[in-house]
Every structure is written in C-alpha cells, then in structure tokens.
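Subject: Structure handover

Hello,

Here is the structure I said I would pass on to you. My notes on what was found in it follow below.

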Amino acid sequence: MEAHFNQPQRQSAVGVLVIFLEMIFVLLKNIWPIIVITLLRAENQSVLVLVLIALGILVYFGVYSFLKYRNFTFYIDADNDEFVINDGIINKTKTTIQLHKIQQVNIKQNFIQRLIGVYALDVDSAGSDQKEGNIKAVSHTLALALKSKLLENEGNTVLAETENQNLPSTEIPAPFLKINLVSLLKIGFTSNYVKSIGLILTFFFTIYENLHQAGAEDLVDTDRIKGLVNGYSLLYSILIFVLTMFTIVFVINVVRTLIKFFDYTVAKQKGSLLLSYGLINTQSTILKPEKVQIVKVSENYLQRKLNVLEIKIRQAISNEKKDSKSLIEIPGCNAIERDEILKLLFAALPQKGETMLPNFRRLIFSVFLIIMLPLTAYYVVGEFILPEVLDYRNVALIYVMLMAVLLFFGFRNYKLFVGDKHIIKQSGAWDVDQEIIQIEKIQAITTSQLFWHKSLNIGSLTMHTAGGNITFHLGQFDKINEYVNLWLYEIETSDRNWM
C-alpha cells in the first residue's frame, strides 16, 4: 500500500522507548564516573537515597518521552512544497524545509533502534540555517517511502531495492565497490594517528577531572605511580610511554574503522552513488554528483605501499556547525576504484594541468614559526626561569629534527594544479591530500597580498565554495590574477547550477 504524507502523522509507538533509552544512555555517558565513585564510597542509607533519586529520574524521563512522542508530527505540504515537522512539549516549534533545498535523506539505525526494530530518518538541507529534520523511530517501509517522496522533486526517486533485503535479488543493484575486511584493517593501521591520540588524552583528562570533582583522589595511589616512573631511566620511561601510546592508537584506529565502516558498499543508482555501511550504527545514504563541492583524496607512504587510500567528499553546507555532517568518507579503496568514483562524481577524471608552486619564503616562515620561536622560548625559560628544563636538550633536538623533516616534505608537496575544468590543491607532509573542485562550482574568489610582498610578486588565493574554502598561500601573484580572471569568466558564462 502506498504511503501518504499529506496529513500530520506520528512516529512508531515504540518511539517512546527509543527516546527514553537514548536519554538514559546520554545521562550515563556523562556522569558514570561520578556514579561509580559515589557507590564505592557511599553507605547503605546513601545508596537508598541514590536509588530513590534514580527512580525519580526514570519517571521523569518516561513522562518526558511520552509527551515528546505525542507532540512530534511530520508531513509534506504539497501546496507549498515543504516538509514540515512539529515538535516541542511546552515550547512548540515548527520546522519547515523546502523540498528543493533537501540535500540528503539518510536512513540510519543505531544500536538502540536496531534492538527495537525501527529506523531513524535524517533530512539534511543546504543553503538554510533552519533546524534539520530528524525522525527517530519509523518502520523500514515507511522510511523508504518517505525518503523517496522527499527526493522525487529532483527527478531522482530513491528506489528501495538497495535497502530492502526482502526484494528479489534480481532487483538489487550489484555494488561496484565493496570494502573488504583486509582493506579496513589497512586503513585502521595507517590513518588517524592524531585524532586517536586526541581521543586518548581527552578520555584520560575527563576521567581525572571527574575523579577530582568527586573528591576521589585518595582512590589513586599517586606515590606508587611516581615510584614506578622513578625506578626506570628517563629514556626507558619515554620509550615505554611511546610504545604504549602507539599500541593504544593502533587498537583504537582498527576498532573505530571496523565499527564505523563495516560492510561498506558503494553502488550506482541512476547516476548517483548509494552508500551503505556500519556495524553498530548502520547508515544508508545517496550521494548525488551535483551536490558534491570538494573531493579530498588522502594517501600516505604506508597506504601507497598497501594500495589503499581514503576519499572524503564534502557537500554544500549552510554553516560551520553542519560542516562535519556534510562529509562523506569512503575508506580503503584502491587507485582504480578511486578513478571510477571520480569519473562518476565529475563526469570525467580530473587532470592536473599546469602546476603552481609556492615561494620558498613559505618554508622560511614555517621554520621560524614552528621551530625557531619554540626553541627560543625553551632556552629563555631554561636560562632565566626554570634551569631544570635544559636537562631535556635531547628531547628538544628530536623535536627540531622531526619538525624540520615534516616542514620540508610539507613544502615539497604543496602545489596547485590548474586544469581546464578542475583545480587540485595538494598539501601535507605524511598524509598527502589532494583537494579537487570544479571551476564552475566556485562561488567567490579572494586574492590577498601583504604590502611587503608586492615587490616580490607573491600573494595568496582563496576559492570559496558551498562546501568550504580552499586556500593557496604565497604563489606567483600575477599568475594568480591571470587564473582568477579566467575562472570568473568561466563561472559567469556557465549555465550549470552549483548544486
């Protein structure tokens, strides 16, 4: 039976349970260290009080979830071509999203929704600062029907065969790209080092801060930890720390990659890409070439040897808060698969064309900012404030050598390739990124030149797109202006829309 959306309707009744469990999960995620410490130090009477408080919170969450479910409705206003969502308990809100501005409709399923047997549907719009639509609990059939209805205004009705396993296999388009487990392991071992280290440090600082606020410093034997560190030499302690950190980083990268991108498949559907992936939180989304603004191809030395790379696709965004939501990642594909994806997204394989190199002063400024200033500050502190830091000169020397190598390779890889239809910016020291944009999708161009650079004929260029900006610093300025004039002419004479 065909679903109709012209009248306001609610989510599935089990949506009450989804809202209730998600609220409990968020609460436990934020205060679990305090709960654990409190239970360890509490007396019997205090435990009874905590149980009563917990019961009160559960009752409040239950009432709130029911009212949230009752007041949430959605429908399609055919007269105004809008998708309308009504929400709120005390303060009522009405969100309207124009159908022609809908950029993506994603069908998702997190762990709680998978247990209950419902799906979430996210409506992502571009060019609007209004709140996006999020429906937390609908059946799979209803989600597919609504997704198709919301996207049919562009003439690209989303078919259900890639998402409904009950259909005959002859109607399921075969994926032209399927990321296997080995490729995901390769990506997990060779990427996201900085992000993983940041997550580790954030985790430990959060635990420490929660313990400190809960007054649980006495549960941690700091003297024993200091004695353990002092029992070994400094270099040995540093080596143990580095090896432990890298081991944790590798494990986190592999686990994160496998959970997020498990069973990653890419299929062609009427000129678009249908992406499906996820182990715990599954996601199915459609990627249309006309929505694509910037494509970043990332590869480091290890990935090049293992024949894997990452592709990140950035679509149109309306503000910086939605920047992460506009990013689609395709991990673990090889060079042949990369070219097939680029051909589909750009209608032709982007060519590098002419090469623009930065002035050598870019390297000199980077050395001054990243090496000379910190090194000077280190010796000033050591000479006049804290002489003990000068005992770690070897660490400072390692830092200088490491930064010098990274800056050199970063400068050598920094290039701008200008083709007839595409612009490619290459950058990076270890992870070499190539950001690709179509000239016709540039919305604005900014050139800048410091007054002391005029005699040197160097300046900077920034290309503004609906998916973000691409900047090239300290290039030959007269050549930059020549390219800008050509690009502006092509943009003005082009009859294609930017999305």
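Two strands count as paired if DSSP finds at least two bridges between them. Helices (H or I, at least four residues) and strands (E, at least two) are DSSP runs, numbered from the N terminus.

Some ground rules come next. This is a predicted model, in which local features need pLDDT of at least 70 and side-chain atom pairs count only at pLDDT 80 or more, while totals for chains, interfaces and linings use all residues. Residues are numbered from 1 along each chain as its sequence is written, and side-chain values use heavy atoms, with hydrogens and water left out.

The chain as a whole

The protein chain holds 13 helices and 20 strands. Of its 499 residues, 38% are buried, where buried means under 20% relative accessible area, exposed over 50%, and partly exposed in between (1.4 Å probe, protein chains only). The accessible surface comes to about 28,300 Å², and carbon and sulfur atoms own 62% of that. Such areas come from the Shrake-Rupley method with a 1.4 Å probe; for residues, only the protein chains shown count as cover. Among contacts (heavy atoms within 4.5 Å) with a separation of 6 or more, 59% are between residues 24 or more positions apart.

The S1–S2 hairpin

Strand S1 covers residues 73–77 and strand S2 covers residues 82–87; the two run antiparallel and are joined by 5 bridges. Together they make a hairpin with 4 residues between the strands, and Asp81 in the turn has a positive phi of about 55°. How many of the residues of S1 are buried? The count is 5 of 5. Thr73, Tyr75 and Asp77 are buried on one side of S1, and Phe74 and Ile76 are buried on the other, so both faces are covered.

Strands of a sheet pair through backbone hydrogen bonds, either parallel or antiparallel. Here 7 strands form an open antiparallel sheet, in the order S6-S5-S4-S10-S9-S8-S7. Strand S6 (133–138) and strand S7 (177–179) are at the edges with a single partner strand each, so one side of each has no neighbour in the sheet. Neighbouring strands are turned by 15° against each other on average, direction ignored. For angles, axes are lines fitted to C-alpha atoms, for helices over the stretch in contact, and values run from 0 to 180 degrees between N-to-C directions. Helix H4 (residues 140–151) packs on this sheet and touches S4, S5, S6 and S10; the direction of H4 makes about 170° with that of S4. Within the sheet, strand S8 (residues 264–269) pairs with S9 over 5 bridges in the antiparallel sense, and Val266 has Leu275 in S9 as its bridge partner.

The nonpolar patch

On the surface, Phe111, Leu115, Leu181, Val251, Val255, Ile259, Phe262, Leu279 and Ile280 form a nonpolar patch with about 780 Å² of accessible area together. Patches are made of residues with over 30% relative accessible area and no salt bridge; like charges are joined within 9 Å, and nonpolar side chains (Val, Leu, Ile, Met, Phe, Trp, Tyr) within 5 Å. A salt bridge is a side-chain nitrogen of Lys or Arg within 4 Å of a carboxyl oxygen of Asp or Glu. Helix H3 (111–116) and helix H8 (234–261) are the elements that give two or more residues to the patch, and H8 gives the most, with 3. Ile280 sits in the loop between strand S9 (272–277) and strand S10 (282–287). Ile280 is partly exposed because its relative accessible area is 35%.

The three-stranded sheet

A further open sheet has 3 strands in the order S18-S19-S20, with antiparallel pairing. Its edge strands, S18 (444–448) and S20 (468–476), each pair on one side only. Strand S19 (residues 458–465) and S20 share 7 bridges, and Gly459 has Gly475 in S20 as its bridge partner. Helix H13 (residues 477–493) lies across S18, S19 and S20 and runs at about 25° to S19.

Two asparagines

Most residues other than glycine have a negative phi. Asn307 has a positive phi of about 60° and lies in the loop between helix H9 (301–306) and strand S12 (309–315). Asn457 also has a positive phi of about 60°, in the loop between S18 and S19. Asn307 is partly exposed at 44% relative accessible area, and Asn457 is partly exposed at 27%.

Regards
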